[in-house]
Amino acid sequence: MKYEKLDAAAIDTLLTERRLWELARDGAAISRSFKFRDFGEAFAFMTRCALIAEKLDHHPEWFNVYNRVDIVLSTHAVSGLSALDFKMAEAIDRLTPAD
Ligand SMILES: C[C@H](O)[C@H](O)[C@H]1CNC2=NC(N)=NC(=O)C2=N1
C-alpha cells in the first residue's frame, strides 16, 4: 500500500498545520467548508480541486449548494486518513485565501 493509515498522534500533528480543517467521522476524515461570492466562483474552485484530485489520484467527497462547498477528505483504501488527505488539503488551501 502506497499510503498507510495514520494514527491519532500523526493526525494531531498534521492538523496543527491545517488549522482550517477539522476532524470528521470519528477521526476517519477531515472536513472544511468554503463560501464564495456566487455559484460561478464556487464551481470554478471545484474545477480546480478536480484537477488536483486527478493529479493526485485522490478524490474528495463534497457537497455544493449555490456558493457553498463542503469538502470531506478520507482515504477509502485504508478506511481512514492517510498522508494523501493532508497533501490534498494543503493543495486545496493554496487555492483560497485564508479566511
Ligand atoms: C484505483 C484508484 O487509484 C483508487 O480507486 C483511488 C482513487 N481515488 C481515491 N480517493 C480517495 N479519497 N480514496 C481512495 O482510496 C482513492 N482511491
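H2 passes H3 in a right-handed crossing (right-handed means that the near helix is turned clockwise from the far one by less than a right angle, left-handed that it is turned anticlockwise). This is a predicted model: local features need pLDDT of at least 70, side-chain atom pairs count only at pLDDT 80 or more, and totals for chains, interfaces and linings use all residues. Residues are numbered from 1 along each chain as its sequence is written.

**Overall fold**

- The protein chain has 3 helices and 4 strands (DSSP runs numbered from the N terminus: helices are H or I with at least four residues, strands are E with at least two).
- Along the sequence, their order is α-β-β-α-β-β-α.
- The radius of gyration is 13 Å, close to the 13 Å that the globule rule gives for 99 residues, so the chain is as compact as a globular protein of that length. This radius is taken over C-alpha atoms, and the rule is 2.2 Å times the number of residues to the power 0.38.
- Along the principal axes, the C-alpha atoms fill a box of roughly 40 × 25 × 20 Å.
- Of the 99 residues, 19% count as buried. Buried means that 20 or more other C-beta atoms lie within 10 Å of the residue's own; exposed means 12 or fewer, and partly exposed lies in between, with C-beta atoms placed from the backbone.
- Take the contacts with a separation of 6 or more: residues 24 or more positions apart account for 61% of them. A contact needs two C-beta atoms, placed from the backbone, within 7 Å.

**Where H2 meets H3**

- H2 covers residues 39-56 and H3 covers residues 83-93.
- The two helices pack at an angle of about 150°, with axes 10 Å apart. Axes are lines fitted to C-alpha atoms, for helices over the stretch in contact, and angles run from 0 to 180 degrees between N-to-C directions.
- H2 brings Cys49, Ile52 and Leu56 to the contact, while H3 brings Leu84, Lys87, Met88, Ala91 and Ile92.
- By class, this contact has 7 nonpolar, no polar and 1 charged residues. Nonpolar covers Ala, Val, Leu, Ile, Met, Phe, Trp, Tyr, Cys and Pro; charged covers Asp, Glu, Lys and Arg; the others, Gly among them, are polar.

**Two buried residues**

- Threonine 75 sits in the loop between strand S4 (68-73) and H3.
- Threonine 75 counts as buried because it has 21 C-beta neighbours inside 10 Å.
- Leaving out residues up to four places away in sequence, threonine 75 touches Tyr3, Gly80, Leu81, Ser82, Leu84 and Asp85.
- Alanine 28 is 47 residues from threonine 75 along the chain, yet their C-alpha atoms are separated by 8.3 Å.
- Phenylalanine 86 lies in helix H3. Its 21 other C-beta atoms within 10 Å are why it is buried.
- Phenylalanine 86 touches Leu14 and Arg18, not counting residues up to four places away in sequence.
- From phenylalanine 86 to arginine 18 is 68 residues in sequence, but 7.9 Å in space, C-alpha to C-alpha.

**Two loop residues with positive phi**

- Arginine 25 has a phi near 50°, a positive value in a residue other than glycine. It belongs to the loop between strand S1 (22-24) and strand S2 (29-35).
- Aspartate 57 also has a phi near 50°. Its loop joins H2 and strand S3 (61-65).
- Arginine 25 is exposed, because 12 other C-beta atoms lie within 10 Å. Aspartate 57 is exposed too, with 8.

**Around the ligand**

- Asp57, His58, His59, Ser74, Thr75, His76 and Ala77 surround the ligand (each has its C-beta atom, placed from the backbone, within 6 Å of it).
- This shell divides into 1 nonpolar, 5 polar and 1 charged residues.
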